[in-house]
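Please read the following briefing alongside the sequence and the model.

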Amino acid sequence: MAVIEEPRSYFHPLYDVMLSTPGLSVGVAPLDRLLTWGLKNALWVFPMATSCCGIELMASAAARVDLDRMGTIMRASPRQSDVMVVAGTITVKMAPRVRRLWDQMPEPKWCIAMGSCAISGDFYRNLYPVVPGIDTFIPVDVYVPGCPPNPEALMHGLMRLQEKIGLQREGKLVPSEPRPDFDAMVRPPALSRIGDAARAADLSDRQEQAALTMCPDAAPGVVEDEEKGFAQPATQATPPLNTELVELLRDRFGVTEFPLNAPPVVSADKHLELAATLQKMGYRQFLFVAASHRPAKEGSEDLCEVAYGLRTVGAGTKEAIWQVRVPTNQTVPSLVPLFAGADWQEREQYDLVGVKFAGHPDLRRIMMSDDWVGHPLRRDYPADKECAPWR
Ligand code: SF4
């Protein structure tokens, strides 16, 4: 993995002239020491906190560690900051924004990668949306390993940065930090990433094949076992059936099957009418829409299953849950005209599973970046798919 290094050109021209004037350097040496002291002890941090490590970053500014005592304060503006502390997982969608904020910081500037997610992607490095280390797109000066590193570790990282700044100001060679995940003490990821030399050539094909054959038609009460790929008995309790919904579906919508472990299936052309009827019956709260992909097998089509949930409001609340099954190239009527709350949730299912909702006013991606190719939660989508230039 290429690690980015940028040239540092932040010495003032007047300062260079003074240094090259014979004898003057003796006079300016104390001044230089004063400036270096000021620079090292006024490192303002731009907090690029995205997840759990961000909590430790916040704690480092609180009373116990109190980063203020070394002149380090958090600034919410990149233009007033010296050090970007990236604390947390960075995704492919977020990486260009982080890079832009980095570019908006004036020189001299430094970067600290706080926590193993920022350093290498850690647990998530094989997942399709995660960048495997921020030094793939910005230069990192100090790595603070840990999951999460505590506030004292961040303080130690800042002290290491101060030492480096001192060496730079003295014109000494500053050794670059090794990425901690290259260290033998850190376990390499169980699944080698795309592009890694250790990755078997046929792994992507095997992953895709495994996804396609993972019991989508499993019998009731059966779940998948990741390692063996075999069905295992499930132990979850079955929720009670909503008798009001069962009667409605049977009498007015011609539904005859009511499985205990799955919502009843309603045909796509009656689904909007069902939602409108339920709304009039008092099911006024939109609970969820959740889709899954059932890839084609012998004798069956490539399908999407889209489950909807509504709820009555107030005491003695009841839930109505049903599903619609359509071939992946067909549409499902959107519930946005009836429930405004369906808007973002349907967009999410479109983004991740590729379900197309007819009549949705603004059907576009919501979680992945606009130029993302494919729908990551489809079963034929490799979990560690490459996404250049970020992963
Ligand atoms: S390194 Fe650990 S604590 Fe930090 S963001 Fe990642 S998972 Fe959370």
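P149 lies in the loop between β4 (142–144) and α6 (151–169), where helices (H or I, at least four residues) and strands (E, at least two) are DSSP runs numbered from the N terminus. This is a predicted model, in which local features need pLDDT of at least 70 and side-chain atom pairs count only at pLDDT 80 or more, while totals for chains, interfaces and linings use all residues. Residues are numbered from 1 along each chain as its sequence is written.

**Surroundings of P149**
- P149 counts as buried because it has 24 C-beta neighbours inside 10 Å, the threshold being 20 or more other C-beta atoms within 10 Å of its own, with C-beta atoms placed from the backbone.
- Leaving aside residues up to four places away in sequence, P149 touches E56, M114, G115, V144 and L154, contact meaning C-beta atoms, placed from the backbone, within 7 Å.
- Although P149 and E56 are 93 residues apart along the chain, their C-alpha atoms are separated by 7.2 Å.

**Packing of α3 and α6**
- The axes of α3 and α6 are 8 Å apart and form an angle of about 75 degrees, so the two helices are roughly perpendicular to each other (65 to 115 degrees).
- To this contact α3 gives E56, L57, A59 and S60, and α6 gives P151, L154 and M155.

**Shell around the ligand**
- The residues around the ligand are S51, C52, C53, G88, T89, G115, S116, C117, D122, C147 and P148, each with its C-beta atom, placed from the backbone, within 6 Å of the molecule.
- Two or more residues of this shell come from each of α3 (52–60) and α5 (116–120).

Conventions
A residue is buried if 20 or more other C-beta atoms lie within 10 Å of its own, exposed if 12 or fewer, and partly exposed in between; C-beta atoms are placed from the backbone. Two residues are in contact if their C-beta atoms, placed from the backbone, lie within 7 Å. Axes are lines fitted to C-alpha atoms, for helices over the stretch in contact, and angles run from 0 to 180 degrees between N-to-C directions. Angles under 35 degrees count as roughly parallel, over 145 as roughly antiparallel, 65 to 115 as roughly perpendicular and the rest as oblique.
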